[in-house]
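Here are a few exercises to work through with the model open in your viewer. Try each task before you read its solution.

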Amino acid sequence: MSRLVVGPFNRVEGDLEVRIEAEAGQVSSAWVNSPMYRGFEQILHGKDPGDALVYAPRICGICSVSQSVAAAHAVRDALGAEAPPNGERLTNLVLAAENLADHFTHFYLFFMPDFARAAYEGRAWHPDVVRRFRAEQGAAATDAVAARAAFMNLMGVLAGKWPHTHTVQAGGAAKGVTGAEKLRVLSLLGQFRRYLEEHTFGDRLETVAALAGGSDLAAWAAERGPEGSDLARFLRVAEDVGLAELGRSHDRFMSYGSYPFQGERLFPGGVFAGGDLMPLDADAIREDLYSSWMSGAREPVHPYEGVTLPDAEREEAYSWCKAPRLAGRPVEVGALARQVVAGHPLIRELVAETGGNVRNRVVARLLELARVVPAMEAWARAIEPGEPFYREPGALQEGEGAGLVEAARGSLGHWIRVHNGRILNYQIVAPTTWNFSPRDRDGVPGPLEAALEGAPVGADERTPVAVQHVVRSFDPCMVCTVH
């Protein structure tokens with residue numbers, strides 16, 4: 001048996017450490033450590049409820065809009081308030097822009113460059129992947145970054161700035177949209193669509209979104225050929241390397257549901273396990289502190305009752321990350337979970353065949369690009385300049401509320417409790433908290449810990465490439481985790 005401590009993994013921020021034990025050339029056990037404590041909950045204690053919309057988005061510069069939306073929804077829920085239709089459309093647009101930018105960046109700059117490494121020299125596809133995806137030097141490093149930058153201009157038009165916009169509020173959107181800005185937004189969306197259809201898919205978004213199963217996807221990729229589509233390039237690599245056999249976790253998926261409008265959601269929420277879709281019971285969420293450097297109740301508690309107080313002396317602990325569980329069990333969150341819960345036939349079939357794995361997580365992210373851009377175009381076209389974007393929600397003196405949204409990496413929840421006009425308790429459970437959670441008091445590993453078991457480890461590898469593929473398939477964002 002050999003032991004390795006591997007990391008960092010992310011090309012943006014590297015606050016992640018994975019300890020693995022390997023036996024007979026594969027990972028036998030893994031422990032995931034978030035080696036940083038932050039404690040935004042303590043910062044918010046005693047503040048005005050409206051301050052949550054200023055402080056909480058500072059949790060992350062990558063998904064700050066997601067944090068804004070969760071905070072706004074939590075305060076809105078506590079107030080029993082509603083946003084006008086224009087406010088909902090604008091909120092969905094800026095949240096979708098951030099989520100899609102994350103998917104796009106993950107694919108081109110974080111995930112695919114791994115296959116340009118020397119470890120894959122000799123593979124038939126390697127020269128093409130090096131030309132297209134090599135870090136900092138591949139063609140995508142230039143054209144995809146430019147396409148992303150142009151797309152993110154949408155955030156400036158709709159939200160004033162990014163990250164850390166203050167546009168998203170409990171009463172809707174603080175900034176309206178003029179007729180000229182509406183046309184600008186549609187132009188930017190059209191520009192992004194053209195890039196996706198020319199490079200990422202080599203086909204219309206609607207055609208990709210309509211793929212109904214694994215055989216459809218394989219036939220589509222074979223007909224198109226890898227030279228004309230980055231998705232087809234990925235599928236060729238995935239088949240050759242065996243990414244569908246790598247990184248399988250508990251196969252229990254959760255989504256809060258995403259992009260609400262007038263009481264409906266573009267992607268509905270729920271839980272999918274064992275081939276069955278079940279309704280989400282958010283009251284069954286508990287945070288287990290057994291393996292966390294946190295003080296608090298011995299029994300797992302709901303976030304409304306939770307505390308976030310550090311205790312670095314806990315001998316059995318090995319991470320600052322808590323272990324959230326749904327009805328006592330770990331769940332995987334993210335694009336794959338969202339799409340399998342939403343019932344997309346391609347993802348349902350891929351999961352039925354091979355479960356949650358590295359290939360299916362990447363396919364689900366790219367599928368969301370194809371599904372959400374047309375929805376963004378519809379929201380933008382429906383905006384009515386001159387109509388309200390904001391409705392004064394009133395002051396919050398007493399009450400509690402939850403803001404449950406879907407960030408790019410998965411389910412993000414904010415829970416607020418207010419007394420005498422001040423925040424009495426505020427708890428945050430981020431997507432990476434779910435996916436990168438440590439073991440709970442029953443010794444059940446978190447989703448990533450389970451997904452790493454069985455990953456191949458070469459005799460001379462200090463940071464096994466297969467381990468990196470599994471970790472990156474979850475797209476870690478550790479600054480969001482430790483709350």
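The exercises below cover a sheet, a helix and some aromatic contacts.

The model is predicted, with local features needing pLDDT of at least 70 and side-chain atom pairs pLDDT 80 or more, while totals for chains, interfaces and linings use all residues. Residues are numbered from 1 along each chain as its sequence is written, and side-chain values use heavy atoms, leaving out hydrogens and water.

**Exercise 1.** Find the order of the three strands in the open sheet, and explain why β15 and β17 stand at its edges.

Solution. Start with the elements: helices (H or I, at least four residues) and strands (E, at least two) are DSSP runs, numbered from the N terminus. Strands pair if DSSP finds at least two bridges between them.
- The order is β15-β16-β17, with antiparallel pairing.
- β15 (399–407) and β17 (422–429) each have a single partner strand, so one side of each lacks a neighbour in the sheet.
- Nine bridges join β15 to β16 (residues 410–419), and glycine 403 stands opposite histidine 414 in β16.

**Exercise 2.** Classify the ring pairs of phenylalanine 107 with phenylalanine 234 and of phenylalanine 151 with phenylalanine 192.

Solution. Rings of Phe, Tyr and Trp (its six-membered ring) pair if their centres lie within 6.5 Å; planes under 30 degrees apart are stacked, over 60 edge-to-face and the rest tilted.
- The count comes to 19 aromatic pairs.
- Phenylalanine 107 and phenylalanine 234 are 6.4 Å centre to centre with 80 degrees between planes, an edge-to-face pair.
- Phenylalanine 107 lies in α4 and phenylalanine 234 in α10 (residues 230–241), so this pair ties together parts 127 residues apart in sequence.
- For phenylalanine 151 and phenylalanine 192, the centres are 3.9 Å apart and the planes at 15 degrees, so the pair is stacked.
- Phenylalanine 151 has a relative accessible area of 1%, and phenylalanine 192 has 3%.

Methods: Buried means under 20% relative accessible area, exposed over 50%, partly exposed in between (1.4 Å probe, protein chains only).
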